[in-house]
There are 2 protein chains.
Amino acid sequence: MQHRVSDSLIDDFGDSGSEHSGPAGLRADLNQNGIPDIVIRRLPIYARSLKYLAGEGVETVSSGELGMRLGVSAAQIRRDLSYFGEFGKQGKGYNVAYLLEQVNGILQLDHDWPVALVGLGHLGRALLHYEGLSEHGFNISALFDHNPEKVGQQIGDLTIYGMSDMPDVLSSLNIQMAIMAVPARGAQEATDALVASGVSAILNYAPIIVQVPHNVKIRHIDPVVALQSMTYYIDDSAKGSRAGLVRNGNGSERVRSGKLD
Amino acid sequence: MQHRVSDSLIDDFGDSGSEHSGPAGLRADLNQNGIPDIVIRRLPIYARSLKYLAGEGVETVSSGELGMRLGVSAAQIRRDLSYFGEFGKQGKGYNVAYLLEQVNGILQLDHDWPVALVGLGHLGRALLHYEGLSEHGFNISALFDHNPEKVGQQIGDLTIYGMSDMPDVLSSLNIQMAIMAVPARGAQEATDALVASGVSAILNYAPIIVQVPHNVKIRHIDPVVALQSMTYYIDDSAKGSRAGLVRNGNGSERVRSGKLD
DNA sequence: CCGACTATGTGAATATTGTTACAATGTAAC
DNA sequence: GTTACATTGTAACAATATTCACATAGTCGG
């Protein structure tokens, strides 16, 4: 059976115009004459694979090999990297450690980032205990909740603050990123509070599109939307005849897709 | 302060070629002469807004109004819908209830979907208790875990099965979708098992790109990648001067972006 | 140090996606 | 029913993104 690399790697509902940069927050809107956001969104994927390869002790990787693993064409990887410089060597490929360092540098991942977490319901608490964030340098350093009963509670060494404390807390801790795990109805309000407090990047788990100024980046994570965009493709006629037709003893033949998604 | 609608609504690392359809699983690869995946990925967002409007008692909406809410141009909405038919009325707009029904029909959201959940660690359990899924017709109906100690455990009215039970369980329950909440190192193996059991859509929470056959759709959810693709834009020079410059009493002026993301 | 490979970086070609602009059609107030 | 206005659906166009293909430059085994 043919395999391909997964769709929908990068979560994108496209990108905004992002033309005029606000007084602060985002790097001078590079989309002006800068790098396409679609390229930026692929870099973390490259970085992740490079990190893995580095851990495996691999010293060198070609665009072809990397592309194979990620479901991206070799040309696309080379093109993406070429926006930032020349990192490879003809005949050899890329030095894994060096390229990783460069990509991390481009993404400003060469230092940790303190992150605010807004909303401490089930999801917020699950995120708080997710080690993946801190392992990658994102440290949840401030907690906020709208609910007065939660405000003041202690979780680990963090205190839950009220929304009105946000400007002070965030500016004193120099927090520029936030994860928003609040219900849809509270999301715009929470967003406005975050923006007013100087946050310039928000990861939104609320199932709603919130409005932000041009100088603030936001990405959405929504499992329902992801599932709903896959049901379209499911062929119900396969129902009865499904059993037994897929079994695929060897997981070898793989096919890469044209894009990541 | 200017506002725009959020970037990164749709999570996309692009889409695969998806040329030749497998024997079953996905609807005849519509990307052949069919509808772009990017369009399909926007439909759930439209549906969500329509559902909200319907709940508010709104009867009619124009492409302009809908676009404003979602950060999509009016033309894009009209164009997207035009792939499927003509749903609006000149001079009036779209009937909310009717359009919602149509979009739900296109996405096959007019009936519930049983979903398998693989991996019952922290994340898996959090997903199991997330009401949003069932509210939207995605019912977690079978649990699987690799860990023999968990196999046999009961959660609510569901039993945790071992991976080897997957083909029988999924085919007897006619499950075609799965959510995968396993560690990166187990993700490819779990994917292969799901595929071998006839699943044709997978929502992957593992921080790794897994390989799937052409006739299986997969989307990835990864907060770390999402965060890492935003740090690029953060302007560190704003650090000192941040406090007090954003405060924005009114949340009115909003700007929509060119694309959803 | 040669010859056969290998793989980069990129201009040019292509493919995909999004926007503009407008004819067609309907609304709605009177 | 006539007039002024609103909004769709889409053809033509523009912008973006991806791939092709190749000159260039390095590798590597003898």
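Me: Okay, as I understand it, two strands pair if DSSP finds at least two bridges between them. How many bridges join β2(A) to β4(A)?

Reply: There are two bridges between β2(A) and β4(A), and the strands run antiparallel. Keep in mind that this is a predicted model.

Me: Which residue does A:Thr60 stand opposite?

Reply: A:Thr60 faces A:Asn95, which belongs to β4(A).

Me: What sheet are these strands part of, and in what order?

Reply: They belong to an open sheet of three strands in chain A, ordered β2-β4-β3, with antiparallel pairing. The edges are β2 (60–61) and β3 of chain A, since each of them pairs on one side only.

Me: Nice. What does chain A look like as a whole, in helices and strands?

Reply: Chain A has nine helices and twelve strands. It has 261 residues, of which 51% count as buried. If you take contacts in chain A between residues at least 6 apart in sequence, 63% of them join residues at least 24 apart.

Me: Over to chain B. Which residues of helix α4 (96–106) are buried?

Reply: In α4 of chain B the buried ones are B:Val96, B:Leu99, B:Leu100, B:Val103 and B:Asn104. Looking down the axis of α4(B), these buried residues fall within an arc of 135°, so they line one face of the helix.

Me: What do the buried residues of α4(B) pack against?

Reply: Their partners are α1 (37–55), β2 (60–61) and β4 (93–95) of chain B. After α4(B) comes B:Gln108, with a positive phi near 60°.

Me: Where else is there a positive phi, say in the hairpin of β7(B) and β8(B)?

Reply: In that hairpin, B:Gly156 has a positive phi near 60°, and two residues lie between the strands. β7 (residues 154–155) and β8 of chain B are antiparallel and joined by two bridges, with B:Ile155 opposite B:Leu158.

Me: Does β8 (158–161) of chain B pair with β6 (138–144) in the parallel or the antiparallel sense?

Reply: That pairing is parallel, over two bridges. Within it, B:Phe144 has B:Tyr161 of β8(B) as its bridge partner.

Me: Which helix holds B:Gly186?

Reply: B:Gly186 sits in α8 (residues 184–196) of chain B.

Me: Last one: which residues touch the most other members of the largest nonpolar core?

Reply: A:Met180 and B:Met180 do, in a core of 140 residues. Leaving out residues up to four places away in sequence, A:Met180 touches several residues, among them A:Val118, A:Ala187, A:Ile202 and A:Tyr205.

Key:
Residues numbered from 1 in each chain as written. Chains lettered and ligands numbered in written order. Predicted model: local features only at pLDDT ≥ 70, side-chain atom pairs only at ≥ 80, totals over all residues. Helix = DSSP H or I, 4+ residues; strand = E, 2+ residues; numbered from the N terminus. Buried ≥ 20, exposed ≤ 12 C-beta atoms within 10 Å, placed from the backbone. Contact = placed C-beta atoms within 7 Å. Arc of directions from axis to C-beta. Core = buried A, V, L, I, M, F, W, Y, C linked by C-beta atoms within 7 Å.
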